Amino acid sequence: MEPQQGQGKPHLPPPSLWPIGFAIGIVCILVGLIVSWPAAAVGAVVTLVFGFLWVRDVTGGYRRRDVVPVPAAGGPESGTEGAPAPPAATGEAGMPGPEPGERFPRSVFLEGATLGLGSVIAGIVTVPIVGFSIAPVFQHVHHDEIDLGPITNFKEGQFVVTTFLRDPSEGEISRRTAYIRNNGFIDKLPSFTVLSNRCAHLGCPVQPNGPMFEKQKIQETTKTGDVTLIPALPAGGFGCPCHGGQYDQEGNRTAGPPVRALDRYEFYIRNGRLAVGRTYSVSHVDGAGASAKIHKYKETGPGEHVDGPEQWFYPLQPPT
Amino acid sequence: MPGKRDRKEQMKAAALYPLDWLEERSGLVGGIKYFLFRKVPGDSGWWHTLGSATLTAFLVQLGTGVILAFYYKPDPNSAYQSVQHITNDVTLGWLVRGMHRWGASVFIILIFFHMARVFLFGAYKYPRELNWIVGALLVPLALLEGFSGYLLPYDQTAYWATVVGININGTAPFLGPFLASFLRGGSEIGPETLARFYSIHMLLLPGAILGLIGLHLYLVVRLGVSSPPWSKEAAGRERDEPPAVPGSGLVNPSPRGVTKRPD
């Protein structure tokens, strides 16, 4: 019950200014998270202090009431010896009251048994359903190497817009695009730059900032599905149509909202043919071409930082 | 003419008999009367119809959605074609799809008008706080309906908007990547994504929304409609005449005596 109750007057909570300070603190935290850590810390302090004062204010009536002396146990209600059972406010009125010494009457046992069995049954039913619905999150997906055809299709120093089926069993819906550049040889080993076209902001497909030579298009049919190769000249790097993220030819972010560089595919040379495997994330790339130093991280979703303090927001990643 | 009157009485009894039969066995007639013929404040007006308008918009979504599901195929290879089939070939399919598509926006807009009305009228105050909370739970469910329904036509806009939407979820701290993975049904958007969005859109969320709307309406009926703030009878103001039920500060005390408190 409320502390004060007027006759015919509606309940109105006492006006309090603490919530305003509390709200300001929350805003300060949120802005601080983006702008600066000290501001967020100040916001947290403000929130805690005002929250405490608010709760204290609201619960004041209850706490004051507690001070009122309560009649000692064994007061008027339980005073009379051998009094009849309390009024039949509960549904057990029809049943004989428990024996004085009986601590665990049958009705309580039945109630407990019903609830206990019921929850066991509910659990047995729920666990497989929940597991079934969230299982894909924790499943490793096996990606076969995707054969992209002979490496002679990739002229040295030229970007080739390559589309292929990531998972041939899924069909066209798994068609992915990579921007592949042959960097020539490094220590007699061929070097390729294989950029994923997935924007590191929110996953839209980035486009080459420059012409694509559709007339030089090559269609290859490999054992992992159809592959199309279109040479391109992304002189201005790559740009995302969704929110304007810009990248240079190494996939480094140059402008816009992306939080890191473009992801890359691991690549293999098999009998003179180029193949791609898993993707990995890249914070940034130093240098260019064959001598580039790639700062490589485990594959991470778009919009997630892989370095800097913001990476602490993503300590765990679902398997990919 | 007594004969004619007798026959009139007989006709009336025959007409009412099914209702009486139903009432005696279920109490439904009385329940519906109790639900529909409630007392409302004398100065409630058009503003108070926004909730019913929202409910109507939801029922339209429900009806058109069920019919669209007759023809829609939640499979990446045929989803787009089935939507084209609905739009171009099925009789009045364009109309039903249009109602569902535009009605979705109407539903969301009406929700926020209704919310604004409740907020500006102060109708969320005691004893209706719980109903505000139920409504505040309905808002994100309605927005999720919009989000999950947007993928279903499976055109370029739908696909990339969903990619962006899922990845925005993925950037939430700590559990975000797992949430995104759950929504995709794996690490990549594929057939599973469309199937689970379809299921979420037409089974999970409508069920949850229907349940919460039921609770919402129950609380409206139990607590009654609040007066507008300019009302002379508004809660929280001194009244000239004594309240209808002694000990109650409510304008419309419910018949079940919710407001009866020990004084």
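## Chat about a predicted two-chain model

Colleague: Hi! Is A:Ser291 buried or exposed?

Modeller: A:Ser291 is exposed, because its count of other C-beta atoms within 10 Å is 10. The cut-offs are 12 or fewer for exposed, 20 or more for buried and partly exposed in between, counting other C-beta atoms within 10 Å, with C-beta placed from the backbone. This is a predicted model, where local features need pLDDT of at least 70 and side-chain atom pairs count only at pLDDT 80 or more, while totals for chains, interfaces and linings use all residues. Residues are numbered from 1 along each chain as its sequence is written, and chains are lettered from A and ligands numbered from 1 in the order in which they are written.

Colleague: Thanks! Where is A:Ser291 found?

Modeller: In the loop between β12 and β13 (293-297) of chain A. Helices (H or I, at least four residues) and strands (E, at least two) are DSSP runs, numbered from the N terminus.

Colleague: What does A:Val276 touch?

Modeller: Leaving out residues up to four places away in sequence, its contacts include A:Ile146, A:Leu148, A:Val194 and A:Phe267. Contact means C-beta atoms, placed from the backbone, within 7 Å.

Colleague: New topic: which strands form the open sheet of four?

Modeller: The order is β5-β8-β9-β10 in chain A, with antiparallel pairing. β5 (207-208) and β10 (253-255) of chain A are at the edges with a single partner strand each, so one side of each has no neighbour in the sheet. Strand β9 (residues 246-247) of chain A pairs with β10(A) over two bridges; pairing needs at least two DSSP bridges. A:Gln246 sits opposite A:Ala255 in β10(A).

Colleague: Over in chain B, at what angle do α6 and α7 pack?

Modeller: At about 135°, with the axes of α6 (residues 129-151) and α7 (residues 156-170) 7 Å apart. Axes are lines fitted to C-alpha atoms, for helices over the stretch in contact, and angles run from 0 to 180 degrees between N-to-C directions. That makes α6(B) oblique to α7(B), since under 35 degrees is roughly parallel, over 145 roughly antiparallel, 65 to 115 roughly perpendicular and the rest oblique.

Definitions and conventions. Two residues are in contact if their C-beta atoms, placed from the backbone, lie within 7 Å.
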